[in-house]
Amino acid sequence: MRVFNFSAGPAVLPEDVLKQAASEMLEYGSSGMSVMEMSHRSKDFENILFTAEADLRELMNIPDNYKVLFLQGGGWTQFAMIPLNLMRNRVADYIITGQWSKKAAGEAKRYGTVNEIASSADKNFSYIPDLSNLNITPDADYVYICQNNTIYGTTIKNLPNTKGKLLVSDISSMFLSEPIDVNKYGLVYGGVQKNVGPAGVAIVIIREDLIRDDVLEFTPTMLRYKTHAEHKSLFNTPPCYGIYICGLVFKWLKKLGGVEAIHKLNVEKANVLYDYLDQSKLFKGTVEKKDRSLMNVPFVTGNKDLDAKFVTEAEAAGFKNIKGHRTVGGMRASLYNAMPIEGVKKLVEFMSDFERKN
């Protein structure tokens, strides 16, 4: 029996996508083999890859002067690739709104000076600081943000005023959940395992003028964006099956009406849970209302024993991976694109029943 999987990642995938992948497991098209068996140099796989890129470009309205790269290594590898490729002055500004931007800044410090120009660490990352008039470092190569914070449930809704500096954004846990204007970024990236596909793929969307030879001299071949851009993500064997699943998710999204349509549904889903939290006498959200994420909703009872009891009973009732991150505690419901609205409604029914009993 399928459960309601509220995991923050790897996360729920659309059932239609899983069913199609199952039907094509033994043979993709007329190839006589599974996608997992075919050469990445074959015409069949090239068609999978290039179709996936074309569909993503359409969904996100990606301008022609941006490259789309399907890479391995997840977010952690991007924490290094970004400074290795972009930190030409060896200086960068980072906005710290959660664990992932903090870890990205820590990695970048290996390669140059990192200035933490804004932070919400003082209140355990429960809000987004004012980003309208930041003290941007004059010789900074870029300004880095994590736009949606999976652990803490906050979202940067108004992009920082970078005062002309390049903006780099990690959008892993909000990828394709709402429209974004790619033109506002120099580079935007995400691990796909939260909202787009299975673990093992990272997608980087980078403006062409940023793909250069003058990277830090010790940058390995595999960590140069130019390596992958010149070979159309086929420099080495890519994560073929993961890319194939991403491609199916892109088709699923297009069939639903695209990013605008899924965003409308995501707002509706989030409101079901937030409206309940706002009137509940037992459960409380942990994030300032103006900064709430549509994708990740942390909440607590205020009593650790009661939180633990709720998690245990929720798991038994088929609401899986509802336990909150250890740095926040309590519970967290991730409402990614593939989470059906009935899953959110049933969770709220369960929470309401739990509240009456406790």
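**Cores, a helix pair and one histidine**

The largest nonpolar core of this structure holds 87 residues, and those with the most contacts inside it are Met60, Leu176, Ile203, Ile205, Phe250, Phe283 and Phe310. Helix 6 supplies the largest share of this core, ten residues. The model is a predicted one.

**Cores**

- Phe310, one of the residues with the most contacts inside the largest core, is in contact with Phe283, Phe299, Ile322, Met331, Leu347, Phe350, Met351 and Phe354, leaving aside neighbours within four places in sequence.
- Another core, of 33 residues, lies apart from the largest one; among its members are Tyr111, Tyr142, Tyr152 and Leu187.
- In soluble globular proteins, nonpolar side chains tend to be buried together.

**Helix 2 and helix 6**

- Helix 2 (residues 43–60) packs with helix 6 (residues 240–256) at an angle of about 40 degrees, and their axes are 9 Å apart.
- The two helices are therefore oblique to each other.
- The crossing of helix 2 past helix 6 is left-handed.
- On the helix 2 side, the contact is made by residues including Phe45, Ile48, Leu49 and Asp55; on the helix 6 side, Ile243, Tyr244, Phe250 and Lys251 are among them.
- Sorted by class, this contact has eleven nonpolar, two polar and four charged residues.

**His263**

- His263 sits in helix 7 (residues 259–279).
- Its relative accessibility is 25%, so His263 counts as partly exposed.
- Not counting residues up to four places away in sequence, His263 touches Ser177, Glu178, Pro179 and Leu294.
- His263 and Asn337 are 74 residues apart in sequence, while their C-alpha atoms are 8.4 Å apart in space.

Notes:
Residues numbered from 1 in each chain as written. Predicted model: local features only at pLDDT ≥ 70, side-chain atom pairs only at ≥ 80, totals over all residues. Heavy atoms only, no water. Axes fitted to C-alpha atoms, helices over the stretch in contact; angles between N-to-C directions. Helix = DSSP H or I, 4+ residues; strand = E, 2+ residues; numbered from the N terminus. Parallel < 35°, antiparallel > 145°, perpendicular 65-115°, else oblique. Left-handed = near helix turned anticlockwise from the far one by under 90°. Contact = heavy atoms within 4.5 Å. Nonpolar A, V, L, I, M, F, W, Y, C, P; charged D, E, K, R; others polar. Buried < 20%, exposed > 50% of the residue type's maximum accessible area, 1.4 Å probe, protein only. Core = buried A, V, L, I, M, F, W, Y, C linked by side-chain atoms within 4.5 Å.
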